[in-house]
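Hi,

Here is the structure I said I would pass along. Have a look at it first, and then read on for what turned up.

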Amino acid sequence: MVRRVLIVDDFEYNLEFEEKVIKSLTKEGNVSIHVDVALNVAEALTKISQNAVYDAMVIDMNLPDGSGSAIAKEALKKNKTTKIAALTLYPEEYENSHALFDLFLRKPIMPMDYKKNFKQLLNLEG
Amino acid sequence: MKKPVEILHVLHHDSCSSALDYAALMELLQRNFFQTDPEHIRFSILFIEFYGFNQFYGYNENLLERDQLLISKIGKKLSSALTENDMLVRVGDYQYIVVQADIPERVSSELARQIMHLFSEPCMINGDMFYIYTSIGISFYPDEGTDLYALIKVAENKMKKVQKNGKNLISTVQDSSILLTERQMELKQALPAAIENGEIYFLYQAQYSQVHQRFTGAEMLARWKHPAYGEISPEIFIPLAEQNGMIASLSIKTLVAASKAFIVLDHAHIDDFSLSVNISPVFLLTAHFYKTLQFLLQEYELNERNLHFEITEEMLLEHTDYLLDILHKIKNLGICIEVDDFGTGYTSIRQLADLPIDILKIDKSFIQGIDTDKKKHDLLKAIVSMAEALNMKVIAEGIEKQEEATVLQQFAPLTIQGYLYAKPVQLEALVEKIQKLSAGNGNTL
């Protein structure tokens with residue numbers, strides 16, 4: 001079964017990094033993950049409206065054209081079961097006040113932590 | 001310095017309330033050093049908490065044994081900062097109270113700074129490196145109260161307050177003096193965003209091989225251009241990054257930048273060119289280091305590249321089995337290991353021979369003035385001979401004068417890094433310089 005995920009970040013460095021971590025996860029296990037990327041809120045909303053249901057999303061909270069929360073709201077409107085992680089320099093600012101997110105990831109991204117959290121988000125074994 | 005009055009156990013072990021037995025503590029205070037008239041009693045209370053040990057470690061190890069060793073090490077280290085007039089009480093797993101009697105306020109602040117300094121170095125336990133953060137709050141009798149319970153609470157609250165503001169801080173009542181300057185604190189807090197948004201960038205200082213008569217590599221040097229303060233020296237921000245754990249992210253960013261630089265060099269047809277990356281011991285000795293490295297090598301296709309890691313000679317002094325193991329693993333991945341600032345530490349020949357080292361980078365203090373200082377000349381000659389015997393290459397750092405380069409040529413053809421041949425420059429300028437030299441138009445900068 002192919003899982004479909006959306007990652008949103010305004011730094012291409014991060015998008016590439018996240019894609020590579022997810023790719024390494026695909027290589028390791030019996031899971032196939034299709035990754036869509038978006039650089040801002042507008043692009044992300046377009047992807048959500050155009051594409052089929054996403055299994056998971058990792059969204060940078062601080063985007064040039066708005067907050068990651070706007071993306072999460074839209075995603076959950078389309079599909080309540082989409083698992084969503086917020087990516088931010090300051091997760092403690094969001095952790096207690098946000099019902100939109102399943103997980104809060106700290107920037108800068110550390111590959112092993114990201115991998116572990118991503119597995120948790122997609123409910124993957126191991 | 002005589003030993004302090006030391007009570008290295010938890011006074012009152014109440015796991016539910018973590019409450020201190022204040023009556024017992026007061027009794028100890030009276031008995032141990034309050035000989036003077038109660039009206040003239042002056043003392044200060046330092047409430048110290050150590051934390052941050054698990055930052056880089058998983059939880060599947062033998063925590064009990066590790067914690068016991070860590071607590072024992074902390075206790076010994078803490079005692080070494082105190083005198084017989086001080087009293088040390090362990091009041092929680094990693095919480096201590098120091099009581100200093102009959103001393104002026106600044107002396108307590110000084111002691112707090114001294115303790116902070118003592119714990120600025122990581123602790124090694126069974127080959128694992130533990131970075132310990134320290135927060136200290138200080139209260140004063142009788143200025144802030146005459147009730148012992150209240151005074152301890154004041155000191156504890158201050159400790160908690162500074163802990164919220166950042167790690168490794170001290171707070172006293174009167175002047176809120178802190179160990180780190182406000183600027184350093186600000187920089188430390190700004191580091192994650194700086195790594196994230198590209199304020200930290202890399203320069204490349206080329207290395208010239210006298211054997212090949214061309215540039216054969218470059219060292220990558222991290223730089224930080226702060227939007228308000230301009231260029232921040234790596235001597236300032238690297239230690240800050242090591243303190244708050246950002247060094248791992250910074251190292252990862254450097255390796256990713258190296259992968260991009262190799263692609264640029266490939267496109268410019270610059271082959272057989274190495275990039276040297278400084279690897280902090282704090283990153284190297286973390287539990288995830290090797291897996292992270294494997295990930296970067298595979299996903300960023302660094303495997304086949306001429307990647308060199310620079311580690312400091314100082315680090316070799318922590319000559320543990322774990323370090324040896326990780327260095328061998330790095331070498332087995334095809335990465336060349338360089339010892340940076342060689343000559344500034346005290347590595348023995350025996351140690352060097354046991355380690356999988358490929359290159360010695362001789363510190364500039366041995367090079368500068370080599371044309372006029374006979375002692376330096378002879379010393380360098382000996383180092384080069386030793387390196388040859390150990391089958392290691394040598395890079396001479398900090399060459400600024402032609403006379404120094406000329407003297408170096410007499411020893412053996414070496415690789416040279418210094419302003420005489422190349423200053424640290426952006427990648428584009430590096431490529432241009434290499435191409436100019438290979439086209440026969442090259443000259444030293």
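Which residues of helix α5 (residues 111–121) of chain A are buried? They are A:Pro111, A:Tyr114, A:Asn117 and A:Phe118, where buried means 20 or more other C-beta atoms within 10 Å of the residue's own, exposed means 12 or fewer, and partly exposed is in between, with C-beta atoms placed from the backbone. These four sit on the same side of α5(A), because they cover an arc of only 130° around the axis (the arc is that of the directions from the helix axis to the C-beta atoms). What covers them includes α1 (12–28), β6 (83–88) and β7 (103–106) of chain A, together with α9 (289–299) of chain B. After α5(A) comes A:Asn123, with a positive phi near 55°.

Some housekeeping: this is a predicted model, so local features need pLDDT of at least 70 and side-chain atom pairs count only at pLDDT 80 or more, while totals for chains, interfaces and linings use all residues. Residues are numbered from 1 along each chain as its sequence is written, and chains are lettered from A and ligands numbered from 1 in the order in which they are written. Helices (H or I, at least four residues) and strands (E, at least two) are DSSP runs, numbered from the N terminus.

On to the sheet. Chain A has an open sheet of five strands in the order β2-β1-β3-β6-β7, with parallel pairing; two strands pair if DSSP finds at least two bridges between them. At the edges are β2 (32–38) and β7 of chain A, each pairing on one side only. Direction ignored, neighbouring strands are turned by 20° against each other on average. Strand β3 (residues 56–60) of chain A runs parallel to β6(A), and five bridges join the two. One bridge there links A:Val58 with A:Ala85 of β6(A).

Two helices lie across this sheet. α1(A) lies across β1 (2–8), β2 and β3 of chain A, at about 175° to β2(A). α5(A) lies across β3, β6 and β7 of chain A, at about 165° to β7(A). For these angles, axes are lines fitted to C-alpha atoms, for helices over the stretch in contact, and the values run from 0 to 180 degrees between N-to-C directions.

Next, a helix pair: α2 (residues 41–50) and α3 (residues 68–78) of chain A pack at an angle of about 5°, with their axes 10 Å apart. That makes α2(A) roughly parallel to α3(A), the word for angles under 35 degrees. The contact (C-beta atoms, placed from the backbone, within 7 Å) involves A:Val41, A:Ala44, A:Leu45 and A:Ile48 of α2(A), and A:Ala70, A:Ile71, A:Glu74, A:Ala75 and A:Lys78 of α3(A). By class, that is seven nonpolar, no polar and two charged residues. Ala, Val, Leu, Ile, Met, Phe, Trp, Tyr, Cys and Pro count as nonpolar, Asp, Glu, Lys and Arg as charged, and the others, Gly among them, as polar.

Between the chains, ten residues of chain A are in contact with eleven of chain B. On the chain A side, α1(A) supplies the largest share, three residues.

Last, some backbone spots to check. The peptide bond from A:Lys107 to A:Pro108 is cis, with omega near -10°, and A:Pro108 lies in the loop between β7 and α5 of chain A. B:Asp272 has a positive phi, near 50°, and is exposed, with 10 other C-beta atoms within 10 Å.

Cheers

Terms used. Parallel < 35°, antiparallel > 145°, perpendicular 65-115°, else oblique.
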